[in-house]
Amino acid sequence: MRICSILTTLTSGGAEMLVTNLSACFAASGNESAVLTLSDAVQVGNSAEMEAAMADRIRFASGSVHSLSLRNRRNIFAGALAMRRTLAKLKPDIVHAHTARALPMLALAGVRTPIVLTHHNSKLSFPPKMFLLFDRIASAYIAISSECVDLCRQYGNRPVVHIPNAASPEFAATSPRNGIHHPPQILSVGAISDQKNYSALIAAADELKRKWPYADADRPRFRIAGNGPEIGNLRARVDQLGLADMVSFLGERSDIGALMGQTDIYLNCSKYEGMPVALIEAMAMALPIIATDVSGNRELVQNDINGKLVPLGETEAMADAIISLLGNPSGYAKMSAGAIESSSRFSIGHTADLHLALYRQLLTDTELTKGRRTKIARA
């Protein structure tokens with residue numbers, strides 16, 4: 001089977017990491033896997049180095065990488081022409097879009113093979129009425145969380161299959177954490193955007209600085225792995241609050257596994273999520289999680305089992321949760337073990353198998369391709 005997965009660009013986001021990992025699984029099971037991006041990294045302000053590193057990973061696992069190199073992703077006519085030329089060369093059996101922006105281009109390009117759309121978030125980045133168009137283009141939708149399932153079923157009229165995200169096998173701690181670094185290390189991973197809400201992280205660090213009950217030298221260090229247009233404003237806020245010794249910005253990184261190995265707590269401050277891959281990676285690395293109690297996070301984090309959920313916007317509660325966890329070695333060890341146990345539910349191999357099963361169904365059952373929802377088995 002020839003599979004073409006479409007992304008906006010190659011970057012360090014959850015959807016991009018998932019596609020990279022799935023591509024390796026597809027190729028390992030004897031399929032041809034191509035990853036097609038709408039734009040190059042520099043054209044959308046992302047890191048060319050990260051793009052090159054991810055492309056190398058895909059090619060190393062026997063996949064191929066292609067780009068439409070669109071400078072204006074809103075120009076669907078130029079995109080459709082470039083899409084038609086590229087897909088004519090790739091000749092895919094299945095086209096899987098991981099960005100809704102690709103669907104109008106695919107329609108104008110006259111693609112006749114089954115098309116799958118994965119919606120990667122619990123909120124829409126487009127008007128709900130766009131599903132009227134998507135229903136005419138896509139054969140099925142994949143939703144990565146229960147909230148995404150509800151969203152797709154509410155607005156769409158195509159089959160919806162729930163396939164949770166998963167982490168690469170490289171994220172696999174062999175045992176729970178048995179100690180905490182001095183000073184403790186707290187890591188957050190993800191693009192610097194309004195969704196990720198890093199201003200809350202800075203506010204929590206400020207609260208923690210005032211409330212920390214131990215020696216100043218042992219105050220936790222917060223590290224953010226990601227990039228985005230707001231990084232300058234966040235740096236300025238850190239300097240304004242005198243937190244430069246506590247909060248650092250690492251930029252986009254390709255060594256997240258190594259960073260997690262040096263970390264004690266994974267922190268997610270998001271306003272909303274789909275099913276964050278980085279959080280699954282952190283659990284697999286035996287990291288207790290502190291996260292906002294929002295869609296996506298609450299499907300992964302269980303209070304006092306593998307971490308703690310705190311109400312969105314309550315940065316003092318976030319600081320208190322960090323202090324409580326770091327001050328309770330036995331509770332920390334219990335949650336570290338719970339993180340490993342929780343992560344075992346999310347196998348990239350199983351996730352890839354579910355994708356392949358859906359693709360085969362779409363290729364062998366023409367009634368499915370026409371949208372008869374009841375024919376698709378739910379995962």
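These questions and answers look at one helix pair and the cavities of a predicted model.

Residues are numbered from 1 along each chain as its sequence is written, and side-chain values use heavy atoms, without hydrogens or water. In this predicted model, local features need pLDDT of at least 70, side-chain atom pairs count only at pLDDT 80 or more, and totals for chains, interfaces and linings use all residues.

Reader: Are helices α7 and α8 roughly parallel or roughly antiparallel?
Author: Helices here are DSSP runs (H or I, at least four residues), numbered from the N terminus. Axes are lines fitted to C-alpha atoms over the stretch in contact, with angles from 0 to 180 degrees between N-to-C directions. The axes of α7 (residues 198-211) and α8 (residues 231-240) come within 11 Å and cross at roughly 10°. Angles under 35 degrees count as roughly parallel and over 145 as roughly antiparallel, so α7 and α8 are roughly parallel.

Reader: Which residues in α8 meet α7?
Author: Contact means heavy atoms within 4.5 Å. From α7 come Y198, S199 and I202. Their partners in α8 are L234, R237 and V238.

Reader: Which element gives the largest share of the lining of the largest cavity?
Author: Strands (E, at least two residues) are DSSP runs. The largest share, three residues, comes from β11.

Conventions
Angles under 35 degrees count as roughly parallel, over 145 as roughly antiparallel, 65 to 115 as roughly perpendicular and the rest as oblique.
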